[in-house]
Amino acid sequence: MNLAKRIQRIKISQTLKITTKAKAMKEKGIDVIDLSVGEPDFPTPENIKEAGKSAIDEDFTKYTPADGILELKKAIIKRLKEDHGLEYNPSQIIVCNGAKGAFYHLIFTLINEGDEVIIPSPYWVTYPEVVSLADGKPVFIETREEEGFIITPEQLKKTITSRTKALILNNPCNPTGVVYSRTELEKIADVILDKDMFVISDEIYEKLIYDDFEFCSFASLGEDIKKRTIIINGVSKTYSMTGWRIGYAAGPAEIIEGMKRIQSHSSSNPSSISQKASVEALNGSQEEVMKRIAEFQERRNYLLSQLQTIPGVSFVKPKGAFYVFLNVSSYYNKKFNGVLIRNSVELSDYLLNYANVAVVPGDSFGADNYIRISYATSMENLKKGIDRIINAFLQLKAVS
Ligand SMILES: Cc1ncc(COP(=O)(O)O)c(C=O)c1O
């Protein structure tokens, strides 16, 4: 079929592919433990669900302004002020269909053909795909496990060219769970300041931070930096609202206006009902969120204590999000029942087919030596899943 060339350039999200395969196995009655998921297992909190129901009952079910209702923009502005000391006005905020929707519109607003976008690797799968769709050029900076998966100012300096349009910072990071300290961000800001480029700061996991580590929003580093930063955030991960599809961007009014034009001709506006529910998420009690963060931290600690018992694997202790990025490369070129395992895709297939545990191969994040294990699942599932993984690794035999 004669489809557009751009569609040949991108692949279906690997994470969604694995999750779909795991679900299909479950439907066949196979007891699969899914540690591939990118969403909290908790339900949306009651107060938020009630706000959604009220929106329906009160007939708040029509088109809204393309960039979102003012009430929600105000709730976002309040959070940015209270949490990070950042001042925004409503023309600097847009509400979109998930953080993914915000990122998509942002890239299509900023990028001309051939513009370079710097993406630290390992990266969230969607970044390079959307940049490619927009005819931009993803340029990767490989971060190293030994350096805590943090980009260094030297690496950044070397990578910036006259075509560089933006740097994408994912903080906290999916898949590594790494969170940048204020000092580390300041070093990046120093490099950016005298360059004509933007920083896209994807802070969707900002509330999921452990061990009292202090999260710093990139835009809060100073007025000059704020002018070049577009924050991407949303309610999906913090409030277990992945299905409601509400994300947002905060940044210079001219950029936000561009995103609004695109949105007005694509989805028109995000769901009116979800917008009302999100007002409650941001303005309502945060008590439930705090409880869940404590639960995530407990799961992370358990998972790490178990992973430490597996010989030959390594990881950087994640400070945020709900993933561990596990270096499993010492298990490559080993065999199970005569079948050779050579890379992260084959290892993940082995774990799914032999141990009935779904994880995501690091290859889809640009790091083939790793697998991503999600702890966004109950402690009971996590215990079962990790026992199976440990056992599966023990079965792998060196090639003689
Ligand atoms: C780093 C990152 N950004 C954005 C998103 C998308 O969030 P949303 O569901 O709000 O579109 C995800 C979801 O997996 C993510 O991991």
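Domain bounds, as used here, come from an automatic or database domain assignment. In this predicted model, that assignment divides the protein chain into domain 1, made of residues 5-43 and 288-394, and domain 2, made of residues 62-283. Taken over C-alpha atoms, the centres of domain 1 and domain 2 are 26 Å apart.

**Contact between the domains**

- Domain 1 contributes 32 residues to the contact, and domain 2 contributes 31 residues.
- On the side of domain 1 that touches domain 2, the elements giving two or more residues are α2 (14-27), α12 (287-307) and β9 (323-327).
- The most is given by α12, with 5 residues.
- By residue class, this side of domain 1 comprises 16 nonpolar, 10 polar and 6 charged residues.

**Surroundings of the ligand**

- There are 13 residues around the ligand, and those that come nearest are G98, A99, K100, N174 and S236.
- Helix α5 (residues 98-110) supplies the largest share of this shell, namely 3 residues.
- The shell consists of 8 polar, 3 nonpolar and 2 charged residues.

**Strand β5 and its partners**

- Strand β5 (residues 164-170) has 7 of its 7 residues buried, so the strand is largely enclosed by the rest of the structure.
- Strand β3 (residues 116-121) runs parallel to β5 and is joined to β5 by 3 bridges.
- Within this pairing, I118 has L167 of β5 as its bridge partner.
- Strand β6 (residues 198-202) also pairs with β5 in the parallel sense, over 5 bridges.
- Here L167 has V199 of β6 as its bridge partner.
- Between β5 and β6 the chain passes through helix α8 (residues 182-193), and this β-α-β crossover is right-handed.

**The open sheet containing β9**

- An open sheet is formed by 3 strands in the order β9-β14-β13, with antiparallel pairing.
- Its edge strands, β9 and β13 (360-361), each pair on one side only.
- Strand β14 (residues 370-374) runs antiparallel to β13, and 2 bridges join the two.
- R372 in β14 stands opposite V360.

**Cis peptide bonds**

- S121 and P122 are joined by a cis peptide bond with omega of about 0°.
- P122 lies in the loop between β3 and α6 (126-133).
- A cis peptide bond also leads from N171 to P172, with omega near -5°.
- P172 is placed in the loop between β5 and α8.

**Individual loop residues**

- A321, in the loop between α12 and β9, is a residue other than glycine with a positive phi, near 60°.
- A321 counts as buried because it has 30 C-beta neighbours inside 10 Å, and the threshold for that class is 20 or more.
- N333, in the loop between β9 and β10 (334-336), is not a glycine either, yet its phi is positive at about 65°.
- N333 has 13 C-beta neighbours inside 10 Å and therefore counts as partly exposed.
- K11 belongs to the loop between α1 (5-8) and α2.
- K11 counts as exposed because it has 10 C-beta neighbours inside 10 Å, where the limit for that class is 12 or fewer.
- K11 and L35 are 24 residues apart along the chain, and their C-alpha atoms are separated by 22 Å.

How values were computed
Residues numbered from 1 in each chain as written. Predicted model: local features only at pLDDT ≥ 70, side-chain atom pairs only at ≥ 80, totals over all residues. Near = placed C-beta within 6 Å. Helix = DSSP H or I, 4+ residues; strand = E, 2+ residues; numbered from the N terminus. Nonpolar A, V, L, I, M, F, W, Y, C, P; charged D, E, K, R; others polar. Contact = placed C-beta atoms within 7 Å. Pairing = 2+ DSSP bridges. Right-handed = clockwise from strand over helix to strand, strands pointing away.
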